[in-house]
Amino acid sequence: MSAKVITITSGKGGVGKTTATANIGAALATMGQRVACIDADIGLRNLDVVLGLENRIVYDLVDAVEGRCRLSQAMIKDKHIPDLYLIPSAQTRDKTAVSPSDMIRICDELRPDLDWVIVDSPAGIERGFKNAIAPADEVIVITNPEVSAVRDADRIIGIVEAEEKGTPKLLINRLNPEMVKQNNMLSADDVVDLLAIHLLGIVPEDKAVLISTNQGTPITLDNKSLAGQAYQNIARRLMGEEIPLLDLDKGSGFFNRISSVFGSGD
Amino acid sequence: MQAQEIEIKGIKNGILIELKDGEWEDQKDALLSHIDDNLAFFKSARIVLDVGDRSLKSPDLSGLRNTLSDRDVKLKAVLSTSLVTERASQDLGLEIKLDESSPEPEKSSINSMLDGDEAIFLHRTLRSGHKVKYQGHIVVLGDVNPGAELIAGGNIIIWGRLRGVAHAGAGGDTSAVVCSLDLSPTQLRISDKISVSPPRKGKPHPEIAFLEDGQVTARDWAAGK
Ligand SMILES: Nc1ncnc2c1ncn2[C@@H]1O[C@H](COP(=O)(O)OP(=O)(O)OP(=O)(O)O)[C@@H](O)[C@H]1O
Ligand SMILES: [Mg+2]
């Protein structure tokens, strides 16, 4: 078996890449998959915080790239879930410390022993982004349902396509069905209509996300949370299961249309 | 001195030129000055350009094609080991292989001749940040998203939605038109006139925009009129 490398990226910053990386990684690992999450946001390390592993870091990605440690020494084992590992980024270095070919080499070294490698990309189109998508077999673009974020997502999709990484998949994060209903937020339909790529999942706005981030426990381990369930569903879709989109707004049939368009529903 | 960096070979249907390593802009200038020094030799020539592993985008190639055509040299094919360059070439209707056996290499090209004008055909979504500039007509099968920009010397035809910027008749042609199945541009320009479309009311429908009394005007498209 050889792991699949998935890079999670966005045009605009702060839309939820790091949260998604931690949660998709955790959800896949709870399904028995062997997963490593790589924080490729060099200089702005935070995936370790979201996973609650900050105090266990000894070596980081740059140490592994520069040969100061073996790759396995930079892999931190998660405290909740077996077979979930984190490769943290360096706090003190800039993104030129790693090149796209370094990322490809690191991921190739990980592939034989894992099922998934999830790479958390920095936002934007600079060097850090190029590093993050270089090893990707598949790219997931995250956006919030907001005009400027969607515009930047469109730009990134164009660039990912031009880099011959195929058409990325879309994750819409922080959707608030109430606000959509009042016409104060773009609907998932509006976003998909513009970006015209496959919708992998919708994660609702959920206060519990912030709380779980602060506690360093991925929200997806909380079965009561809608956002947590959304991430579990995304992980199952990545595994090839056909899971309908969560009915975030029961009764209106709002999401039924999208699920039928993309064949992931009934 | 510059010309030494260029390697030129005669091939069955034209001339094969291999660019050496180095900055694209420098190599391009070297090529152009070599052609300028030997205009008689290159007149009406069809050239196949081997750019090696350079990653070139459509605007690079279309710019070169335009400059070459000003010199009466036709850029027929671009050979490259870069997938990005191959794709850009295909978007522009250029060949990407040396096809010496084919007697009519033009056939596989997607350039169409419209009353002697050339058009490029783009079959894809044009996304934010994409910019297509072409001296002839531009035909898009797909959407033109906000943040994308089309600039044509001739007409712009979009079988899809226009939500970005379109500029037809960019060289001053006041008879140029822009048509789209859903004409909701961020900005529409014809020749030197600029307009901003009001938000659409009701369902989208095909429209054609043109200049009337110096104003950009849009009208519903009705077949047969
Ligand atoms: N579904 C959600 N509901 C509520 N808050 C969320 C949700 N997803 C993310 N957030 C919050 O949004 C903030 C930004 O998230 P995150 O750090 O994952 O974004 P990012 O895209 O990685 O940012 P950067 O571009 O800076 O790396 C965090 O405070 C996080 O808790
Ligand atoms: Mg982040």
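Me: How many bridges join strand β2 of chain B to strand β3 of chain B, and in which direction do the two run?

Reply: Strands of a sheet pair through backbone hydrogen bonds, either parallel or antiparallel. Two strands count as paired if DSSP finds at least two bridges between them; strands are DSSP runs of E of at least two residues, helices are runs of H or I of at least four, and both are numbered from the N terminus. In this predicted model, β2 (residues 14-19) and β3 (residues 46-50) of chain B run parallel and are joined by 4 bridges. Within this pair, Leu16(B) stands opposite Val48(B).

Me: Which bridges join β3(B) to β4 of chain B?

Reply: β3(B) and β4 (residues 74-79) of chain B run parallel, with 5 bridges between them. Arg46(B) has Lys74(B) in β4(B) as its bridge partner.

Me: What is the order of the strands in the open sheet of chain B?

Reply: The open sheet has 5 strands, in the order β7-β9-β11-β13-β14 (chain B), and its pairing is mixed. Its edge strands, each pairing on one side only, are β7 (131-134) and β14 (193-195) of chain B. From one strand to the next the twist averages 5°, where axes are lines fitted to C-alpha atoms and angles run from 0 to 180 degrees between N-to-C directions. Inside this order, β11 (residues 165-168) and β13 (residues 187-190) of chain B run parallel with 4 bridges, and His167(B) is partnered by Arg189(B) in β13(B).

Me: How is the interface of chain A and chain B to be read, and what area do the two bury?

Reply: The size of an interface is often given as the accessible area lost when the parts come together. Here the chains bury about 1200 Å² between them, 43% of it on carbon and sulfur atoms (accessible area lost, 1.4 Å probe, summed over both parts). In contact (heavy atoms within 4.5 Å) are 13 residues of chain A and 13 residues of chain B.

Me: How many salt bridges lie between chain A and chain B?

Reply: A salt bridge is a side-chain nitrogen of Lys or Arg within 4 Å of a carboxyl oxygen of Asp or Glu. The count between chain A and chain B is 4, including the one between Arg127(B) and Asp154(A) at 2.8 Å, N to O. On the side of chain A that touches chain B, α6 (147-162) and α8 (188-195) each supply at least two residues; α6(A) gives the most, with 7 residues.

Me: What conventions apply?

Reply: Residues are numbered from 1 along each chain as its sequence is written, and chains are lettered from A and ligands numbered from 1 in the order in which they are written. Local features need pLDDT of at least 70, side-chain atom pairs count only at pLDDT 80 or more, and totals for chains, interfaces and linings use all residues, while side-chain values use heavy atoms, with hydrogens and water left out.
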